[in-house]
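Reader: I would like to go through this model with you. Could you take my questions one at a time?

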Amino acid sequence: MNKHLKRLFDNSRIEFAARWILGISFIYASFHKIIAPADFAKIIYGYDLFPGVLINLIAIVLPFVELFSGLALILGIYPRPAALIVNGMLLGFIIALSINLVRGHEFDCGCFWSGQTGYTSSVELLLVRDIIYFVMGLQVFLYGRRRKACIFRSE
Amino acid sequence: MGYKNTAREIVILLGLAVIAAFTVNYFSPTGISLVGQWDESKGIITANAKDDVVVVDLEIDDVKIAKQIYDIGKAVFVDARSREDYEDGHIKGAVSLPVGQFDESIDAFHDQYSTSSSIVIYCSGRTCEDSHRLAHLLLDEGYTNVTIMIDGYPGWGSEGYPIE
């Protein structure tokens, strides 16, 4: 790995900030989806990517995976696995957004709250944001030194 | 740390999330069924939530039947969409009663149409719940003869039926 890049990836302050930024973002993102799962299910339907039988299950489970991985990152409970879960979700979001961007399908992204418009004009911005989050998640995952403020460090 | 530990901890985190998700969904007043109705050919799409507004009994699922009611000329067609959508185009002769402005509009509506009027509500089709929300509000106001044309304005327009 490039020396400068390695220094960034080994920086404990960056690791701490990345965990908190990702954690707060994911907890916030889960909030409205947990309160109004029916609205979130409709947004998932709007993506036009998932079979009907899975839509409700995704709407029920995904917000809690966001909430728990967000909490895990902030509290420092299994931070590496939490970062891996977050990056798995981000990869899913990036793929879903990209597919709909390519096929020009207009939809509500539903990223943070219901009714937030994610129409094609801003999908590029959403993608850039998710890619930045993904890099943050990667930093948390690859960080090899002692982490600040963790309950279960486990590595 | 080995991959085994990472995998184990992922399973723990995901397991807790899944247990919490189904527990909260079970007890939440806004919880949804495990399977929703996402086939537009079978009716209006819905997550089948506990607080769901969709009432199948009120639905007219064939736009041709709605046209027959329209042709008899005794029913009032009510547009539940926003005022802007109504002004952009609506079923000929329909009355605008946006569900979001119900409180402001209901008195004027009441003055013009008695609670025994035959009412057919529509919105934007099978992905739209506004007609059902409006139906509940009108039923609460004492209207007894309320139906919903679930194909909405797009379904009506695609048949070439009168619009303005």
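Reader: To begin, which residues are buried in α3(A)?

Author: In α3(A), the buried residues are Pro37(A), Ala38(A), Asp39(A), Phe40(A), Ala41(A), Lys42(A), Ile43(A), Ile44(A) and Tyr45(A). That is nine of the eleven residues of α3(A), which is mostly covered. A residue is buried if 20 or more other C-beta atoms lie within 10 Å of its own, exposed if 12 or fewer, and partly exposed in between, with C-beta atoms placed from the backbone. Helices (H or I, at least four residues) and strands (E, at least two) are DSSP runs, numbered from the N terminus.

Reader: Before we go on, what should I know about the model and its numbering?

Author: This is a predicted model, in which local features need pLDDT of at least 70 and side-chain atom pairs count only at pLDDT 80 or more, while totals for chains, interfaces and linings use all residues. Residues are numbered from 1 along each chain as its sequence is written, and chains are lettered from A and ligands numbered from 1 in the order in which they are written.

Reader: What covers the buried residues of α3(A)?

Author: The cover includes α2 and α4 of chain A, together with α1 of chain B.

Reader: And what comes just after α3(A)?

Author: Asp48(A) comes there, with a positive phi of about 60 degrees. Asp48(A) is a residue other than glycine, and its place is the loop between α3 and α4 of chain A. Most residues other than glycine have a negative phi.

Reader: Is Asp48(A) buried or exposed?

Author: Asp48(A) counts as exposed because it has 12 C-beta neighbours inside 10 Å.

Reader: Which loop holds Tyr78(A)?

Author: Tyr78(A) lies in the loop between α4 and α5 of chain A. Its phi is also positive, near 45 degrees. Tyr78(A) counts as buried, because 26 C-beta neighbours lie inside 10 Å.

Reader: Stepping back, how many helices and strands does chain A have?

Author: Chain A has six helices and zero strands, in the order α-α-α-α-α-α along the sequence. Of its 155 residues, 39% are buried. Among contacts in chain A with a separation of 6 or more, 70% join residues 24 or more positions apart. Two residues are in contact if their C-beta atoms, placed from the backbone, lie within 7 Å.

Reader: At what angle do α2(A) and α4(A) cross?

Author: They cross at roughly 150 degrees, and their axes come within 7 Å. The axes are lines fitted to C-alpha atoms, for helices over the stretch in contact, and angles run from 0 to 180 degrees between N-to-C directions. That angle makes α2(A) roughly antiparallel to α4(A). Angles under 35 degrees count as roughly parallel, over 145 as roughly antiparallel, 65 to 115 as roughly perpendicular and the rest as oblique.

Reader: Which residues of these two helices meet?

Author: Among them are Trp20(A), Phe26(A) and Ile27(A) in α2(A), and Pro63(A), Leu67(A) and Leu71(A) in α4(A). By class, this contact of α2(A) with α4(A) has eleven nonpolar, four polar and three charged residues. Ala, Val, Leu, Ile, Met, Phe, Trp, Tyr, Cys and Pro count as nonpolar, Asp, Glu, Lys and Arg as charged, and the others, Gly among them, as polar.

Reader: Turning to the interface, how many residues does each chain contribute?

Author: Chain A contributes 29 residues and chain B 27 residues. On the side of chain A that touches chain B, α4(A) gives the most, with 13 residues. That side has 22 nonpolar, four polar and three charged residues.

Reader: How do α5(A) and α1(B) pack?

Author: Helix α5 (residues 79-102) of chain A and helix α1 (residues 3-27) of chain B pack at an angle of about 65 degrees, with axes 9 Å apart. The two helices are therefore roughly perpendicular to each other. Their contact includes Leu84(A) and Ile85(A) of α5(A), and Ile10(B) and Leu13(B) of α1(B).

Reader: Finally, how is chain B divided?

Author: Chain B has domain 1 (1-31) and domain 2 (40-158), with bounds from an automatic or database domain assignment. The centres of these two domains of chain B, taken over C-alpha atoms, are 41 Å apart.
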